[in-house]
Every structure is written in C-alpha cells, then in structure tokens.
Amino acid sequence: MTSIVEASDMRRRRRHFIDRTMTGVMVGAAVVGVIPLVLILFYLLKEGIPGLSLSLFTEDPNRPGLPGGGVRNSIVGSAIMVTVATLIGVPIAVGCGIFLSEFGQNRLGTVLRFLVDVLAGIPSITIGLFIYGLMVVTRGEFTGFAGGLALSILFLPIVARITEEMMLLVPRSLREASLALGAPSWMTTLRVVVPTALPGIATGVMLALSRIAGEAAPLLFTALGNQFFSTDLFHAMDALPLRIFVYAVGPYDYWHDQAWAMSLILVTFILVVSLIVRAVIGTRVTVRS
Amino acid sequence: MVLDSEPRTAVDVTGETGTQSFQFQPQNALKAPAGPEVREEPGDVALRAEHVHAYYGQKLAVGDVSMEIYARKITALIGPSGCGKSTYIRCFNRMHEFTPHARVEGHIYLEGTDIYDPNVDATRVRQRIGMVFQKPNPFPTMSIEQNVAAGLRFTNIRNRSEIRDRVETALKQAALWDEVKGDLKKPGIALSGGQQQRLCIARAIAVEPEVVLMDEPCSALDPIATLKIEDLMYGLAERFTIVIVTHNLQQAARVSDWTGFMLAGEDGVGRLVEYRPTQDMFTNPREDRTEAYITGRFG
C-alpha cells in the first residue's frame, strides 16, 4: 500500500516537473520571439524621432550635401505605386481566389493553386528583374507604372490565397440556403458567399498592402527612384524603401537621420493598417455554421 | 391536433407484409412519359416520386422509394438515424446532387414534369419547391427584410412595393411579423434561434413555392419554439404542400396528415417501409417494423 502511494507520488512530481519545464520553455520561446520586434520598435523610435519634422512630409530632397529638405516625393511615389498595384492586383487576385474556392475542386484548380503558391515563393528581386525585362528594356525608360506592376505581382498570390481561405470559411449551409431559393450557383457566389467573406477578403488586401509598401527590391530596376517630385506614372518614380536605401548607405549624417525617420514612417503605416485590420475583424459578425 | 380526413385522391396503400418499399399503383407509374411534357394528374398529387435511388458515390443510400405527396397536406417522413430520410427529401428539390459525387436515379414528377429530366433547370425546380433546413441559416450579411426578399431578388423581382408586400405577407404567414415589424432593418442573425427558423420559413415561402420541404426544422430548437413552428405549419398547409422530415415521433403524429416510415436494411440502404395516413399509421401500423419503431422498441 505505502509503496503504491510513494510510486504514484513520485510519478505525480515527475509529471508536474515536466509540465512546468515545458511551459517554461514555451514561454521562453514566445518571449525570445517577441524580443526582435520590441528591439526594432525601440531602436526605430530612438533613431527615427530626431529626424522627424514637418518638412520631411512637405519638402522634396535638397541637393545632396545640403542638410534639410524632405521626402515628399518618396511618400507620394510610394502611395501612387501601391495604389496602382492594388488596383491591378485586387480584381485579379480576388477573382482568382473566388475561382479556386468555388470552382477549383478539380485538376485545373489544383494546378492553379500550386502555381499561385510558386508565385508567392519567387524572390521579389526576381519579379523586379522580370518587369525590367518586360517593360523597362522594351520601352527604354524606368517608370512608376512598371514599379506598380511589379508590386502587384507580389500582391497577387497573397490576396488570392487569403480570398480562397475566406470563401471556404463561409458555411455550406448558406450556399444551400441560397441554392434552395432557386438562385443559380454564380448568383449564390456573388450575392451570398462573397458578401459574407468580404470582411476577411478586405483584411487580406490590407495585409498584402502593408507587405508591398515596404518592398524595395521589385522597384530597383522598375521605378528606379527619383530625387525630384513626380506624379507621372510613365517616368521614374521614388518610393520610401528606395530612398531609405539610398540615404542609409549615403555619406551624410542628415541622410542617415532621414532614413531612420522614413523607416519609422513606414513601420507606423504598417502598424496602423494592422490595427485597422484587427478592428475590422473584431467588429465582424461571426457566422454561425 | 389536425388530422385531416382522407385526401381526395387517396392511393390504394396495400403495404403488404414482406414488401421492402411502399408501391403506389404501378399502372400510374408506367403511364409516365419520359419527356417534360405535361401529363394528366389526378388533381391532388403535388409530387410523385417513382423508383428514386439516391447515391453517395458508389454507395446506395436510398433504394427504390416511390410515393405520392398530396397537395396542401403535411407529409411526415420518420425513421431512425441513417435511414436516408434526409437524403430522400433532398432529392425532391434536387439539392442532393449538390453534395459532391452524389446522384439520383428515378423520377420525381411535379405537375407532370419530371424534375430529373435533362431539360429541366434545377434552379427553376428549387423556385417551386422550397426548403427549410435543420439549422436556421439566415444570410448573415442581410437584414430581416433582405433575408425574406432574397429569393425574390434572386428571381429578378425588382418592384420595391411588390417586394415589401410579399415580405410582409411571408412574415405574417411565418408568424413572425408581430415580433419583427419594427426591426426589419436589423440583421437576421440578431434574432433568437426559433425566430431565425421562422425567418427561414418566411424566406422560403416568400417566393410562393408549391411545396415546402422541411428537413428536421425543429431539431435545433427548444420546445416552445418548436410548438410555434408546428402551429404555423397548420396555417401554411392551407396554401402549401409540406413535407417534413422529423426525428420526433410525437411531432409527426401532431402535425402530419400522412406519414412515411423509412428504415435502412442490413445493407445500409434506406427504404420506405410503410406510407399511410398518420392516424392509421400510429394507431394501427401494418408492418411489424413500423410498430416496433413507433412503440420505441428500436431506433
């Protein structure tokens, strides 16, 4: 009798020890995982805030070596190219996702899904090179449109797969309800499934948008960068990530300050987008399946 | 409790012991033409199923079920779980084929037209044969009003005043109008479960189908909500033909005029054992298996 109690006591302690150890390891891993983010944010604030000023948003770069000036051209350029990428990307990507979820349960769907995944894995600089060969070499000019197009290729697979996932989350009972009312399947898709999945799709678009806003590689050989203010889509255009690159490796201290400030602006933008996304998901009516 | 007198075209139900499925008079069946042309109906039969087989892939789930559904009557399908009654009812508005790899053999005639004729458009069939599902499934993006109007909009009725009138009529028929008339703009999923199910009934009848199929409409509801739905079914039966699948024998006895008892054999294939006026079925079943089921000896 006593021996049994002792044995089970031993086993219980062992179990508790393992339980506590594993919990500790997991918490440790979680903390280590968050440390880089905290450090980055902290460092960005420390280095970025001194460079922040109103003129950063309202003025264009000065002649190199002359302190002051701003990066209005880069902010506007980034906004224009991300907008172009979104306008090109949303219809194609959402259409692709709808096809995959509603009509993609066959060989064609499987192949397409695989291709979309491959596209998502292509390095962004390769996409930049591809657009360079396609548009810049043939036209003989770097253009903001080419930059937007390169970004849209990056944008496409992310949104397509998120759209598909969100469409598949719509319960089957809703499709059945619509079909049972005599709606053809295309109408069921457009009038019932897409509206129900819309908050999720919008979330995906926002996430993809914040992802491409920080990309420099696809713009290197497409939009090139431009130290003058330009809204002309068919000439070289500047973007925040490109200007950060130029300033960060440049020789002037005020450039470094401005590069930090721009990084802070970019991260703040992405953070704000993420918060909006969270708010949208939070208020989203959950669908009872 | 409403137990109607014999339907005007009562079919001779022999229900001999030993037969696996109920057979209506076969000479009627043989007269059925293959095409979608109109043929003479003896007035009161809303739906006529002939040798319906329902498959999931290779697996036969419902085997050779033939029966006539009488117009403006409530027909209950009872049977233990897995007997194929839900599968069978989904054959009546061609919802079964929506399940991947599922298919149907046999014929179901709606006013003389075989709904399984290759020339027949399944969406048109579903406009005339509505369905209410087990779980309430209002469209979450739509208001109460939009939910009820959904079927009308799907079928391209655009006239606003007509839509408003038909929404009101449907909600009244579904005994929901008094509870929601001030809140028509509120989302449909804000209602309680029982109200949601009545909303789904309103949505189904707003398109004015001839037949309303109900697949265990009360199984997700509490007893009070169940009673409300049973109450409104009597009223609906004045205008619509109702087929209800139910697990609940008391419910079948309370609401239905005719009852069909389905049972899966040892081969797992569901068949119709007996199909008779409800009162006869529950007071004087002809088949031993029916009696065993309704007295609670199995299932």
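**Note on the salt bridges**

1. Lys185(B) is exposed, with a relative accessible area of 67%, where exposed means over 50%, buried under 20% and partly exposed in between (1.4 Å probe, protein chains only). The side chain of Lys185(B) meets that of Glu145(B) in a salt bridge at 2.8 Å, N to O, the term standing for a side-chain nitrogen of Lys or Arg within 4 Å of a carboxyl oxygen of Asp or Glu. Glu145(B) lies in helix α4 (residues 144-154) of chain B and Lys185(B) in the loop between α6 (177-180) and α7 (193-206), so the pair ties together parts 40 residues apart in sequence; helices here are DSSP runs (H or I, at least four residues), numbered from the N terminus. Glu145(B), by contrast, is buried at 16%.

2. This is a predicted model, in which local features need pLDDT of at least 70 and side-chain atom pairs count only at pLDDT 80 or more, while totals for chains, interfaces and linings use all residues. Residues are numbered from 1 along each chain as its sequence is written, chains are lettered from A in the order in which they are written, and side-chain values use heavy atoms, with hydrogens and water left out.

3. Glu179(B) and Arg198(B) also form a salt bridge (2.8 Å, N to O), and this pair links helix α6 to helix α7 of chain B across 19 residues. Arg198(B) is buried, with a relative accessible area of 4%, whereas Glu179(B) is partly exposed at 34%.

4. In chain A, Arg139(A) and Glu141(A) meet in a salt bridge at 3.9 Å, N to O; Arg139(A) is partly exposed at 44%, and Glu141(A) is partly exposed at 27%.

5. Salt bridges also link Arg113(A), Asp117(A), Arg161(A), Glu164(A) and Glu165(A) in a network, and the structure holds 28 salt bridges over all chains.

Conventions. Helix = DSSP H or I, 4+ residues; strand = E, 2+ residues; numbered from the N terminus.
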